[in-house]
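Keep the structure open as you read.

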Amino acid sequence: MRDRQRSSYRGRFAPSPTGDLHFGSLLAALGSWLCARRANGAWLVRIDDIDPPREVPGSAGSILRTLRVCGLEPDEPPWHQGTRAPAYEDALQRLRADGYAFPCRCSRSDLAANGGAHRGACVVPHDSGTAFARDPAWRVRVDDAVIVFEDGLQGLQRWPLAADGDFVVKRADGPFAYQLACAVDDAAQGITEVVRGADLLDSTPRQIFLMRLLGLREPAYLHLPVAVTAAGEKLSKSSGARAIDAHGPAPALRAALALLGIPAAALRQPSPRTLLRDALAAFEPAALPHARILAAPGFS
Ligand SMILES: [Zn+2]
């Protein structure tokens, strides 16, 4: 696989360092890895550490180690978004200069009358001369933008952005929003296809919108099913999903690969590396399940 010439495909896995790698994030990592490797492209890892209060110390290192144990080796050194604030600030200043970004001091309760959505003018004036104790948040106005895109698995998507209103790109307490950081870095890393969980499907239109405002190259998107418990609850760090066993990840790898449509006959190898090799040889994107959720019994 490695001796063939590398294609221009660039995929990525972008976990948040809010806990150890669990089955739900392993599914997304494997999905993006399989698509990248099948296209003979590059697969990158980006640590989404833009929200320090939510971070769990040591989890970025733990996630990277577990990926390695699973045989999922990125082709380039991982990016850490916590070091990328100057690039996000530059993007914010461009949005501001072009009249798309504006300072906002509206609170949730201020917006309650609009169903919680920010539409156009601020409810709380930010240039009234009043001394404010805090910096403002920065929002991007969406007007009547409708984002249409073809998802590789979920089909044609049509999202009117006005439904959720003008969205925050930099929070009042300092951190840049996920939507801005993700849009800027997917372009900066030259990502050609974003393969991730369908729980992020509703973020994609805002990221595409930002890329268009900033004149950045848009990747293609493919949203995989999200792993849920038998009770239908999404596997996540906050729901207490178990960490992948770094000393014996093969059972979790087999279960995740099976959910991604790999036939059982290709999942008999004992070690992660040989398991992935056979799974990749058997992988067919057309066999990926179209559902938005999939039960993952035994891994919650
Ligand atoms: Zn406002």
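Two strands pair if DSSP finds at least two bridges between them. The model is predicted.

Q: Which residue in β7 is the bridge partner of Val 148?
A: Strand β6 covers residues 146–151, and strand β7 covers residues 155–160. Six bridges join the two strands, which run antiparallel. In β7, Val 148 has as its bridge partner Arg 158.

Q: How many residues lie between β6 and β7 in their hairpin?
A: Strands of a sheet pair through backbone hydrogen bonds, either parallel or antiparallel. Here β6 and β7 run antiparallel. They form a hairpin, and the number of residues between them is three.

Q: How many residues apart are Tyr 88 and Phe 176 in the chain?
A: Tyr 88 lies in helix α3, residues 85–97. Phe 176 lies in the loop between β8 and α5. The pair links distant parts of the chain, and the separation in residues is 88.

Q: Is Phe 176 buried or exposed?
A: Buried means under 20% relative accessible area. Tyr 88 has 1%, so Tyr 88 is buried. Phe 176 has 9% relative accessibility, so Phe 176 also counts as buried.

Q: Why is the pair of Phe 167 and Phe 209 edge-to-face?
A: The ring centres of Phe 167 and Phe 209 are 6.4 Å apart. Rings pair if their centres lie within 6.5 Å, and planes over 60 degrees apart count as edge-to-face. The planes of Phe 167 and Phe 209 make the pair edge-to-face because they stand at 65 degrees.

Q: In which helix does Phe 209 lie?
A: Phe 167 and Phe 209 are both buried. Phe 167 lies in strand β8, so the pair ties together parts that are 42 residues apart in sequence. The helix that holds Phe 209, residues 204–214, is α6.

Q: Which element gives the most to the lining of the largest pocket?
A: The largest pocket holds about 1000 Å³ of space. Of its 40 lining residues, the closest to its centre are Ser 16, Asp 48, Asp 199, Leu 200 and Lys 234. β1, α1, β9 and β11 each supply at least two lining residues. The most, four residues, comes from α1.

Q: How many charged residues are in the lining of the largest pocket?
A: The lining draws at least three residues from each of domain 1 and domain 2. By class, it has 17 nonpolar and ten polar residues. The count of charged residues is 13.

Q: How many nonpolar residues line the second largest pocket?
A: This pocket has about 730 Å³ of space. Its lining has 25 residues, and among those nearest its centre are Cys 106 and Arg 139. Five lining residues are polar and nine are charged. The nonpolar residues number eleven.

Q: Where does Asn 40 lie?
A: Most residues other than glycine have a negative phi. Asn 40 has a positive phi, near 60 degrees. Asn 40 is buried, with a relative accessible area of 9%. Its place is the loop between α1 and β2.

Technical notes
Residues numbered from 1 in each chain as written. Predicted model: local features only at pLDDT ≥ 70, side-chain atom pairs only at ≥ 80, totals over all residues. Heavy atoms only, no water. 1 Å grid on protein atoms, 1.4 Å probe; cavity = no way out; pocket = protein on both sides within 12 Å on 5 of 7 lines; lining within 4 Å. Points joined across faces, edges and corners; volume = space filled by probe spheres on them. Nonpolar A, V, L, I, M, F, W, Y, C, P; charged D, E, K, R; others polar. Domains from an automatic or database assignment. Buried < 20%, exposed > 50% of the residue type's maximum accessible area, 1.4 Å probe, protein only. Phe/Tyr/Trp six-rings, centres within 6.5 Å; stacked < 30°, edge-to-face > 60°.
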